[in-house]
Amino acid sequence: MKKFEEIVALFVQKIKEGEYQPGDRLPTHRDLAYDYGCSIGTASRAYAELERRGICYGRIGQGTFVYGTSRDEAAVGKGAIFPEESWSEGQRGLTDLSKNSYFHKDTESRLKDAAQRLFRRNEPGTYFSYSDSRGRLRDREVAGAWLSTLVEFVEFENIIITQGAQSGLYLAMATLANAGETVVTEALGYPGIRAAAYEQDLRLAPLAMDSEGIIPDAFADICRRGKVKMLVTVPTNHNPTGATQPLSRRRQIIEIARRHGVTIVEDGVYAPLQNWGIPSYRDLAPDISVFLTTMSKVMSPALRLGYMIAPDNLVPRLATKMTTMNWMTSPLILDMANFLLQSGQVAEQGRRLVEICHSREKLAHDILGRWLDRPLSPPHSPLSHIWVRLPEAQSMSGFVSCARRENIVVVAGDSFAVNRSVDVNHVRVCLMAEPREDRLVKALERLATLLSHENSPVMMV
């Protein structure tokens, strides 16, 4: 048994025997180290383990106290304490809040049913030849019917079907910008944008943001200072901040883009699960806008399908580049997706996911509201993630490490920064990948306990 474990066992025994009562202050870290002949780091580790088990907790500048008085629930957090076991032992495995994916209990059975129907058709000749790199005509017609529920102006001639939204994003950047040219995007955003720009030797420049997303003046300023080829943006329920650009701001951004010859690429991967009622860039400026979405969120990432809607003049170039990159999207996958779309299962699952997501976002606000800067989203367009502000004295890496030791996985905010100049002290917490709501709630409550410490709650040697 390690030294810190011996100290933990001793204090557990002392508390059980009544030597220390609820509310009693325990020795300081320095005194504990002196009394037991160990380093201050070992003493800190022992207290950290006692705190993880819910046996004690720290008050900044006051000391470490035995949990159990009537005031402790308010001070530490209801439901976050497990007196007989550590959090990780009680949870038996990770609670992964790092992935922005949507769990639905019927997804597996729906995919199996679609695959079985496909193979029962017994039409192997259908898959023995190459097809249009944009997708077959029937694929684009089915896609057009679905996409028309997300954006207003959809013609199947303008649709290109890709192998996921990331493939579509890479395709757009590879086609519409050349090495060394500038692409602008939100200062905080999806890391796949940064990765695609790096691979293509594009200059990626951050745009300042506020609570409503991109600041138009920042966009105008960077356009004046140099040639900008493309704006890549997530205007609705932005990942990770949750910002949604109002209509007036979208119009300003379009006017600036037209003035400087900038193509707008709208990343609408969450669009099937949102309904703010604000027109997309494709609706407002179809001649200069490319819209991307996917079935990865509403159905499954295993369906490697993305849908791109592009202006007439860009479709030939995009289709040619698509041929050189992938040739085509698998018609097997497309037939499965077409069935799921036409049978109404995608729409049905989407409606249920929106309900679940709204409920979970509300729970997150109830538990972590004091560390959130955004209000609760409307029921018809909930956020699947929350952007949690850390206390000033807590570091992102330290907090992420503390959470991981509790078997909770979250993502540090700097993972979303376009470059090192972007100031951020947040973590992103995803709400929809964990199948069990009770595990999600316990994880959020434990995060609230960790956040209640102004300094790093766990010190490790």
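Just after helix H16, Asn-407 takes a positive phi of about 65°. Helices here are DSSP runs of H or I with at least four residues, and strands are runs of E with at least two, numbered from the N terminus.

Two remarks on the source. This is a predicted model, in which local features need pLDDT of at least 70 and side-chain atom pairs count only at pLDDT 80 or more, while totals for chains, interfaces and linings use all residues. Residues are numbered from 1 along each chain as its sequence is written, and side-chain values use heavy atoms, with hydrogens and water left out.

Back to H16, which spans residues 396–405. Its buried residues are Met-396, Gly-398, Phe-399, Val-400, Cys-402 and Ala-403. Buried means under 20% relative accessible area, exposed means over 50%, and partly exposed is in between, using a 1.4 Å probe and protein chains only. What covers the buried residues of H16? The cover includes strands E14 (408–409), E15 (411–412) and E16 (426–430), together with helix H17 (437–451). At the start of H16, a side-chain oxygen of Ser-395 comes to within 2.9 Å of the backbone nitrogen of Gly-398. For reference, a polar contact is a pair of N or O atoms within 3.5 Å; within protein, one must be able to donate a hydrogen and the other to accept it, and residues adjacent in sequence count only if both atoms are side-chain atoms.

Two packed helices are described by the angle between their axes and the distance between the axes. Axes are lines fitted to C-alpha atoms, for helices over the stretch in contact, and angles run from 0 to 180 degrees between N-to-C directions. The axes of H15 (residues 345–368) and H17 come within 9 Å and cross at roughly 25°. H15 is therefore roughly parallel to H17; angles under 35 degrees count as roughly parallel, over 145 as roughly antiparallel, 65 to 115 as roughly perpendicular and the rest as oblique. The crossing of these two helices, H15 and H17, is right-handed. A crossing is right-handed if the near helix is turned clockwise from the far one by less than a right angle, and left-handed if anticlockwise.

Which residues of H15 and H17 meet? From H15 there are Ser-359, Arg-360, Leu-363, Ala-364, Ile-367 and Leu-368, and from H17 there are Glu-437, Leu-440, Val-441, Leu-444, Glu-445, Leu-447, Ala-448 and Leu-451. Contact means heavy atoms within 4.5 Å. The residues of the contact of H15 with H17 comprise 10 nonpolar, 1 polar and 3 charged. In that count, Ala, Val, Leu, Ile, Met, Phe, Trp, Tyr, Cys and Pro are nonpolar, Asp, Glu, Lys and Arg are charged, and the others, Gly among them, are polar.

A second pair is H7 (residues 137–147) and H14 (residues 331–342), which pack at an angle of about 35° with axes 10 Å apart. H7 passes H14 in a left-handed crossing. Arg-138, Asp-139, Val-142 and Trp-146 of H7 make the contact with Leu-334, Asp-335, Asn-338, Leu-341 and Gln-342 of H14. The residues of the contact of H7 with H14 divide into 4 nonpolar, 2 polar and 3 charged.

Now the loops. Between helix H13 (315–325) and H14 sits Trp-327, with a positive phi of about 65° although it is not a glycine. Trp-327 is partly exposed, at 40% relative accessibility. The loop between strand E9 (228–233) and helix H11 (247–260) holds Pro-240, and a cis peptide bond with omega of about 20° joins Asn-239 and Pro-240. Asn-237 lies in the loop between E9 and H11, and its phi is near 50°, a positive value in a residue other than glycine. Is Asn-237 buried or exposed? Asn-237 is buried, with a relative accessible area of 2%.

At the other end of the chain, helix H1 (residues 3–16) contains Lys-14. Lys-14 is buried at 17% relative accessible area, and it touches Glu-19, Tyr-20 and Tyr-36, leaving aside residues up to four places away in sequence.

Last, the whole chain. There are 17 helices and 16 strands, and 54% of the 461 residues count as buried. The C-alpha atoms fill a box of roughly 80 × 60 × 35 Å, taken along the principal axes.
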